[in-house]
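Please look over the model shown here before reading on. The paragraphs that follow take its parts one at a time.

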Amino acid sequence: MSAHTAEKLIYMANQIARNVTHDPDPVAMIADHIHAFWSPRMKADVFAVMNGAELEPTARAALERLAAHAS
Amino acid sequence: MDSERDLYRPQPDFGTPPSLAERAGAASVTAIIDGREVSVAPGTTVMRAAALSGGSIPKLCATDSVKQFGSCRLCLVEIDGMRGTPASCTTLVAEGMKVHTQTKKLEKLRRGVMELYISDHPLDCLTCSANNDCELQDQAAAVGLRDVRYGYEGANNLAQPMDISNPYFDFDPSKCIVCSRCVRACDEVQGTLALTIEGRGFDSKVSAGLASDSFLSSECVSCGACVQACPTATLQEKAVKEIGKPERATVTTCAYCGVGCTFRAETRGEEVVRMVPWKDGKANRGHSCVKGRFAWGYAQHQERILSPMIRSSIDEPWQEVSWEEAIAHTASELKRISAKYGRNALGGITSSRCTNEETFLVQKLVRAGFGTNNVDTCARVCHSPTGYGLKTTFGTSAGTQDFDSVEDSDVILVIGANPTDGHPVFASRMKRRLRQGAKLIVIDPRRTDLVRSPHVEADYHLPLRPGTNVAVLTALAHVIVTEGLADETFVRERCDWEEYRHWADFVSLERNSPEFLEPVTGVPAADLRGAARLFATGGNGAIYYGLGVTEHSQGSSTVMAIANLAMATGNIGRRGVGVNPLRGQNNVQGACDMGSFPHELSGYRHVSDASARALFEAEWGVPIDPEPGLRIPNMLDAATDGLFKAIYIQGEDILQSDPDTKHVAAGLAAMECVIVQDLFLNETANYAHVFLPGSTFLEKNGTFTNAERRIQPVRKVMEPRNGPNGNGYEDWEITQLMARAMGLDWNYTHPREIMDEIARLTPTFAGVSFARLDAEGSLQWPVNDAAPDGSPIMHIDGFVRGKGKFVVTDYVPTDERTGPRFPLLLTTGRILSQYNVGAQTRRTANVVWHEEDLLEIHPTDAENRGIKSGDWVRLASRSGETTLRATVTDRVAPGVVYTTFHHPATQANVVTTDYSDWATNCPEYKVTAVQITPSNGPTDWQEEYEAQATRSRRIRGHEGAMEPAE
């Protein structure tokens, strides 16, 4: 995976997080969204680069939840 | 109703339009006309009643597309108990009325009238282009005119110069009878008011604009309404003059925008003579625009590719091959790549320009043949946020209304749409309602034509800064909620009350007030408050929106904010209201419905839905991947990462239409097999290894679904040209050839069988079949047991999802920001005469109206930079730069510049960024921070691009013979 793709996936996760801050359960909302719309490869890629990436706390929590579920 | 395929005859003309009661199917009044008992709706004219019951009262100035005028005095009748001879076009049928349409007295009167007309009309009938298709000729026959006593020597209006300035029709004033039908059609049907009668009495003459104007230089938009209304050869298509009277007429659906006008393709042999809007078409009601009416000549354009071609590298010239070789080569490449890189290295893009059946087959080939969900469609880059936003709030991505609904609207809110250019035929219907007194709010960074044009003026124009839609909509909601204007009764009944309270609390925050947000949005708070009050209290409120809503980093949020506004004001579930996405391409609605998205099967069922998958698996006999596939931008990212290697693109030009051209080009260049199926060597084909020549909408059967979810038939009027001796293929046949070569046992013999499969697999299409479409003309989905006749209006008794859902949409500014280096905001759009990437319209005479993309810039910004109209300017963003010519205008606000993307030479998408909607990745075309500087001409990139394109388009054996013009 190129740096461009990694950067873009992190950006996308953060962008979702910034748009659902008023949802009653933003972490579940972000996790559901990524689960429903991202391909398996995109999910695997984002899991691979999430540690150390600059992520919104809700986005990080959502990705961790999905990663735990996937493994 | 005339049948769909028939020998040519003009469509029936009932003389005057149906009354409101007739359209509503109301109770009848009964009269006796020439001894026939006739029952008609109240408000029906005697003329119309006679025509409806099989009669035909002579007439010239009346036609059923415009209001009665009562000027020609040919339609006089006698009515028992009434004095004199009233005009049947202006006399309404009353209960028990006895009408005589033919008496000795009437004969004499009519002959006298006709005699005067003919005394000032050229008698060249045999060589006239309207010969045998002329109402004046017909009426002269009907009244039995045998002699003109006045002779032809006196003063007359003959031998006047013709106006041939319009590329599609001529104006011959010598043949004009000054019936004013053209003027009234321009006023009432089109709403442009370009035509007038100049002079008085004997000197009266039809004129386009000022005396110094020709049709081309006038405000005429070439919609063809006047040509259609003209009873003589005065306004007539040039093609009729060149070819002759049509021989057959076939009803079909236009392949341009999402309005989905139906036309009669009037043909002679396999040659189209003209396309005439079909009066019974429920989307267009007999109206048309310059594209659908006239711009179909691209089908015969010399640059159209008619033979399949292959090459092993994009640096080589194309090699023409037989269909057999092309298909065998393509299938073997796809199999090789799948074996080497895995099935997820393959994907496809369905076309919003092709039929439902063709789109369905492409996604079926990808899912069942390639074994992946990597399928997407151009809706990704236009209305994907509509799908997400409306499904979340209402439970279905469906727009809520039919077009007729606008006739009952009291307040029309148009946001991020420019319907007079993008959806012109619907815009004419909207303008008709506005002239009747409906109020108008326009939210747009530009002063679009709708803001102020003849007899139409917006009550409020909110010229927002691009990228602040959510802020403006939240501020509107703030006013409505805090001033107590919300329709809480509706909300309590239809929506989730707790979610509403949560939302209402949010929008009521001081930071969402118009005053607080004014510095962000640029919209004066007082205007915004006025607009909010008008929308909430003005009666039926309807919201119409376009890509100015969706193509933003908060596109989905904006759609949900619109849905919130409609619910909070109770404007859902009846005529005259609703949330109305104006879809861009002819079949973008259908492409979405047909399962073109990587996460959805047809009818918007997620691939993780096991019961939906099971249906398809049973019908197709293969497993369906339960995980979503890649979207277009993700496919390109995966390609540059070396993971995505082959793509089958039907009828879509992603290199020109998608953002960040350089990234698209790099993605395509990284693939081993790019298959393009199109009419022309489009920009994407510069990177293709296989070119499969497609067929036009005139050459195929199928259906398109328009913006109001109306499924309409497309009927073949000529054989596909993409093969020798009539052995060409419709696009669905090409996909089937590929599928068969890849080992799938497909045996469709006609698109109707594909629709039957769609109906079996898609609950919202369960009641759709070609037989029903032939019988009923069109159907609006959902069509199923719950809605056997289709669904013109959605959510009538409650929302599809149960309770309507209010979603808090917080304004999150885009990351694309202006700064010292890029101080201006670029936004993009369309123009009336051109369509999308222009592949079709640039290959017609429509280029006389728009031969290049221009950059609109405000006088202040232009002056600061020393730029005048017509100057070349460099347009640069963080992504790239291009050059084009400027036009200085105050239609755009200071700080905002605007251009169209119809011409590949402009390369507007070199400049756009890869920012996109947070929920759907719909690109943010509408906001790019740019700088404008004077320039001498094309950039290095444009020159390199041009050279690469020219090199890439070489065809072995044709070198030098055919240099495409772009």
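Two residues are in contact when they have heavy atoms within 4.5 Å of each other. In chain A, residues 24 or more positions apart account for 62% of the contacts with a separation of 6 or more. In chain B, the share from residues 24 or more positions apart is 73%, again among contacts with a separation of 6 or more.

The model is predicted, so local features need pLDDT of at least 70 and side-chain atom pairs count only at pLDDT 80 or more, while totals for chains, interfaces and linings use all residues. Residues are numbered from 1 along each chain as its sequence is written, chains are lettered from A and ligands numbered from 1 in the order in which they are written, and side-chain values use heavy atoms, with hydrogens and water left out.

Start with chain A. It has four helices and zero strands, where helices (H or I, at least four residues) and strands (E, at least two) are DSSP runs numbered from the N terminus. Read from the N terminus on, the order of elements in chain A is α-α-α-α. The C-alpha atoms of chain A occupy a box of roughly 35 × 20 × 20 Å along the principal axes. The radius of gyration is taken over C-alpha atoms, and the globule rule is 2.2 Å times the number of residues to the power 0.38. For 71 residues, a compact globule would have a radius of gyration near 11 Å, and the 11 Å of chain A agrees with this. Of these 71 residues, 51% are buried. Buried means under 20% relative accessible area, exposed means over 50%, and partly exposed lies in between (1.4 Å probe, protein chains only).

Chain B contains 30 helices and 37 strands. Its radius of gyration is 29 Å, close to the 30 Å that the globule rule gives for 966 residues, so chain B is as compact as a globular protein of that length. The C-alpha trace of chain B spans about 90 × 70 × 65 Å along its principal axes. Of the 966 residues in chain B, 64% are buried.

Now consider where the two chains meet. The contact takes 25 residues from chain A and 31 residues from chain B. The size of an interface is often given as the accessible area lost when the parts come together. Here the area buried between chain A and chain B is about 2,300 Å², and carbon and sulfur atoms give 51% of it; buried area is the accessible area (1.4 Å probe) that two parts lose on being put together, summed over both. A:N19, A:H22 and A:F37 supply 28% of the area that chain A buries against chain B, more than any other three residues.

Which kinds of polar pairing occur here? There are four salt bridges between chain A and chain B, a salt bridge being a side-chain nitrogen of Lys or Arg within 4 Å of a carboxyl oxygen of Asp or Glu. One of them joins the side chains of A:K8 and B:D914 (3.9 Å, N to O). Across the interface of chain A and chain B there are also 14 residue pairs in polar contact, both residues at pLDDT 80 or more. A polar contact is a pair of N or O atoms within 3.5 Å; within protein, one must be able to donate a hydrogen and the other to accept it, and residues adjacent in sequence count only if both atoms are side-chain atoms.On the side of chain A that touches chain B, helix 1 (3-19), helix 2 (26-37) and helix 3 (40-49) of chain A each supply at least two residues. Helix 1 of chain A gives the most, with nine residues.

The buried residues of helix 11 of chain B pack against helix 2 of chain A, and against elements of chain B including helix 20 (555-568). Eight of the 11 residues of helix 11 (residues 384-394) of chain B are buried, so this helix is largely enclosed by the rest of the structure. Just after helix 11 of chain B, B:G395 has a positive phi of about 100 degrees.

The peptide bond from B:W781 to B:P782 is cis, with omega near 0 degrees, and B:P782 sits in the loop between strand 31 (779-780) and strand 32 (824-829) of chain B. B:R709 has a positive phi near 65 degrees and is a residue other than glycine. B:R709 lies in the loop between strand 29 (702-705) and strand 30 (710-714) of chain B, and is buried with a relative accessible area of 0%.
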